[in-house]
Amino acid sequence: FASIHCTVDRINSSTHITGGTAPNTSFAGQDVVVKMTAEFPTRAFPDTVDAVLRGVKASRPLLVGLALGVAVKKVKAAYGQLGSWQALWGMIRKSPIGADALKLAVFLRANTGSLLVLVSTVALLWLVLRWLRRERTFLVDFECFECREENQVAYDVFERRSRQKKCFSEEAMEFQVRMLNKSGVSDETMFPNGLQRDPPEPTMAWAREEAEMVLFSVVENLLKKTGMSPRDIDVLVVNCSLFNPTPSLSAMIVNRFKMRTNVITYNLAGMGCSAGVISIGLAQQLLQVHPNSTALVVSTENITQNWYFGNDKSMMIPNCLFRVGGAAMVLSNRRWDRIRAKYQLLHVVRTHMGQDDAHYECVYQQQDHKLNTGVYLSKNLMKIAGHGLKANITTLGPLVLPLSEQILFFANLVARKVLGISTKPYIPDFKLAFDHFCIHTGGRGVIDAIEKQLELTADMVRPSRETLQRYGNISSSSIWYVLSNIETKSGIKRGERVWQIAFGSGFKCNSAVWKCVNERLCNERHPCWLEGEDPSVGGEAFGGASDHGKTN
């Protein structure tokens, strides 16, 4: 505790000091001692030490430059006294240090082979040490928001709530119902409480309630799973595209869980359904410059205030697909977390196609002619997504594909671009590089297109289809629901690689590649896929395809 003493020289009779044990006490012409106590945070002194160490580290170049400057001045002074460089060199040779240096030079010249072996050994040891000490990013664990029965909305409830708003024409209602039946989304998906009201209330208060319901739940459950305290978090990254209040969502989490004052926070907005991978990439880059640190990444979307209440068909499709969901992930670069981690992050590849107007405007938030705000989806969205996927795998391929596939791809490229041979572009077999695929649940058409373009099997895309069916399009968190589905129903073996791929407005296509490092932990039974079952009870029933929530 800290005490502060002060003396008051002159106080008028009407002056009052309030607070403490004697409120509204009057003082006049008295010496007053005010004692203030403040409790330091548990990490206040360690944080100060870290700041001092960082300052010392930052000042090293200045100290080295100062030492070199002093040395140069000494040499110039000696040169000025002797009058020539030859005399200076002669003095150095006659000095004890110079004589020893000459003896060492003669010895090394006579033992050149030994010198080369020594230098090579030191270089090899340095490379090995650098490889062992490289900053690696591990996924300690993750948590997905569970399905809540009170938030589930059947097709008939969806139609009734939409009609109660009295803003949709009959043609618009028929279009939404028809799209809903074709969407691959079941009637088990979740709506926020604000849109469940009668009639719906898309207000700021209900939007905050939706954010708190999802964010607080996944973060609290994840911290409990990992046995971590909120004060153990060094970096916090939150992404939500369409709901960005002030204070931010990251500030909301800091306030709720009472995190440290020096926690590094970021709040990503407007980056679409691929923002989950972007957040992982940002956390990875931050961990590279902050050793022995832990990052909490939270991905969600908020639909309370982003429901479209107009009659433009190009802006109605999100109403039929987007639902409530969210996920939280703990990343770490601490070496001792390798023991309890599930995955190691190998690659994050981001592709931005926003240079072209068609790509930039294919997913666009705007107002219709009646000033109803919504998200416009272009008819060319699938074609544009295909362009983004090709650009992304062109960068990702050399990082993950075996050499044989890279040779075939390069030979095909030379034949088409250099030799002018008319042939189809060669699509590398990514099944040779990855064992599991987590495809963003942007819609049935998105999953179908990736399955066809990458020539994946039905079993490889089944987790994504089941996620779309059970939870709908849950934006940036969907790839984590897919991964939890794979862990729960089939499991992941040590050394197997997982490819997470997502698309977002802008237009962006982003990929993250993970490698399983702990087979036991990668076979977790996630509550969001157990439908009330006991997570501790195993069984082959969860090894096959899910049949809950049949699509109409």
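Helices here are DSSP runs of H or I with at least four residues, strands are E runs of at least two, and both are numbered from the N terminus. This is a predicted model, where local features need pLDDT of at least 70, side-chain atom pairs count only at pLDDT 80 or more, and totals for chains, interfaces and linings use all residues. Residues are numbered from 1 along each chain as its sequence is written, and side-chain values use heavy atoms, with hydrogens and water left out.

View 1. Helix 4 gives the most here, with four residues. Helix 3 (96–110) and helix 4 (112–132) each supply at least two, and F107 sits in helix 3. Together L104, F107, L108, L115, L118, V119 and V122 make a patch of about 610 Å².

**View 2. Inside the largest nonpolar core.** A nonpolar core is a set of buried Ala, Val, Leu, Ile, Met, Phe, Trp, Tyr and Cys residues joined through side-chain atoms within 4.5 Å; buried means under 20% relative accessible area (1.4 Å probe, protein chains only). Of this core's 87 residues, L296, V298, W480 and W514 touch the most other members.

**View 3. Around W514.** Skipping residues up to four places away in sequence, W514 has contacts (heavy atoms within 4.5 Å) with, among them, L139, Y343, W480 and R497.

View 4. Strand 9 (residues 363–367) and strand 10 (residues 373–377) run antiparallel, joined by five bridges; pairing takes at least two DSSP bridges. Y364 stands opposite Y376 in strand 10. Five residues lie between the strands, and L371 in the turn has a positive phi of about 65°.

Note on methods: Patches are made of residues with over 30% relative accessible area and no salt bridge: like charges are joined within 9 Å, nonpolar side chains (Val, Leu, Ile, Met, Phe, Trp, Tyr) within 5 Å. Accessible areas come from the Shrake-Rupley method with a 1.4 Å probe; for residues, only the protein chains shown count as cover. A salt bridge is a side-chain nitrogen of Lys or Arg within 4 Å of a carboxyl oxygen of Asp or Glu. Buried means under 20% relative accessible area, exposed over 50%, partly exposed in between (1.4 Å probe, protein chains only).
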